[in-house]
Amino acid sequence: MSFDIPRNVILPVDAVDVRLDPGPHPFESENAGAIERNWQAETAANPALFDGTVMLLSRLAYTNRRLEGRCHAIRFATFMLWRRRQPVPAAEHAFAHAMLVSRDNALVAIRMGGHTVNAGSVYFAAGSFEPVDFIDGRADVDLNMMREVEEETGLDLRKARREPLYHALSTARGTVIFRRYFLDADADDIAAGIRAFVAADPEPEIVGPVVIRGKADLPEGLKPHMLPLIDWHFSGTQ
């Protein structure tokens with residue numbers, strides 16, 4: 001089975017071993033014409049889209065508290081077609097979240113900018129795995145988390161305390177690998193710093209920060225996968 005992972009449950013993860021396969025992903029090879037046609041339509045609707053390189057899984061399994069898998073470098077144009085056609089049995093997406101936890105136990109998320117593919121959506125600062133996130137052919141999850149958080153918010157997580165384990169949530173829409181990072185500042189101060197960073201950025205990716213203070217404090221535009229993560233955190237899970 002290409003994807004052997006329990007769905008719709010938060011899983012403890014001791015290690016992530018996702019390898020980059022140098023070969024093409026079958027989905028990209030088999031759909032070249034459709035990818036081009038869809039990309040033309042996507043960029044006509046949103047000229048700000050950029051056809052960079054991201055990753056798409058061909059295998060992912062959860063065994064003995066480990067995530068093991070295989071991914072392939074694809075065009076962002078390929079990802080956009082895959083996104084429209086979900087579910088695709090032989091292709092899935094995984095992404096990583098650094099869950100930012102403030103000193104006063106709030107969660108600090110972001111709202112994406114109007115020019116992005118997830119315009120207006122709220123989730124923890126994140127992005128697809130890119131070639132730079134692989135060390136010796138293996139995905140470095142924390143490198144991806146720290147890079148994306150810094151690019152979008154200006155926060156440097158290299159010295160932040162983090163919980164020992166990863167966790168994962170896999171749904172029909174994809175698999176999120178997440179880890180809590182604990183910041184030594186209150187949520188309002190963290191948010192103010194992010195707003196200042198966004199104001200100074202000539203091409204910001206986000207509108208700004210979104211502070212979440214409890215299970216009932218849910219903002220508009222919240223991505224569905226965020227609900228169980230928020231509930232998990234505020235339930236006092238360790």
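Two bridges join S6 to strand S7 (residues 107-112), and the two run antiparallel. Strands here are DSSP E runs of at least two residues, numbered from the N terminus, and two strands pair if DSSP finds at least two bridges between them. In this pairing, Val101 has Leu107 of S7 as its bridge partner. Five residues lie between the strands of the hairpin, where Asn105 takes a positive phi near 65°.

Some housekeeping. This is a predicted model: local features need pLDDT of at least 70, side-chain atom pairs count only at pLDDT 80 or more, and totals for chains, interfaces and linings use all residues. Residues are numbered from 1 along each chain as its sequence is written, and side-chain values use heavy atoms, with hydrogens and water left out.

S6 also pairs with strand S13 (residues 174-182), in the parallel sense, over eight bridges. Opposite Ala98 stands Arg179 in S13.

Now the side chains. In a regular strand they alternate between the two faces of the sheet. From S6, Ala94, Ala96, Ala98 and Leu100 point one way, while Phe95, His97, Met99 and Val101 point the other, and all are buried. Buried means under 20% relative accessible area, with a 1.4 Å probe and protein chains only. Eight of the eight residues of S6 are buried, so the strand is largely enclosed by the rest of the structure.

On to the core, meaning buried Ala, Val, Leu, Ile, Met, Phe, Trp, Tyr and Cys residues joined through side-chain atoms within 4.5 Å. The largest has 60 residues, with Leu67 and Leu157 making the most contacts inside it. Its largest share, seven residues, comes from S6 (residues 94-101).

Methods. Buried < 20%, exposed > 50% of the residue type's maximum accessible area, 1.4 Å probe, protein only. Helix = DSSP H or I, 4+ residues; strand = E, 2+ residues; numbered from the N terminus.
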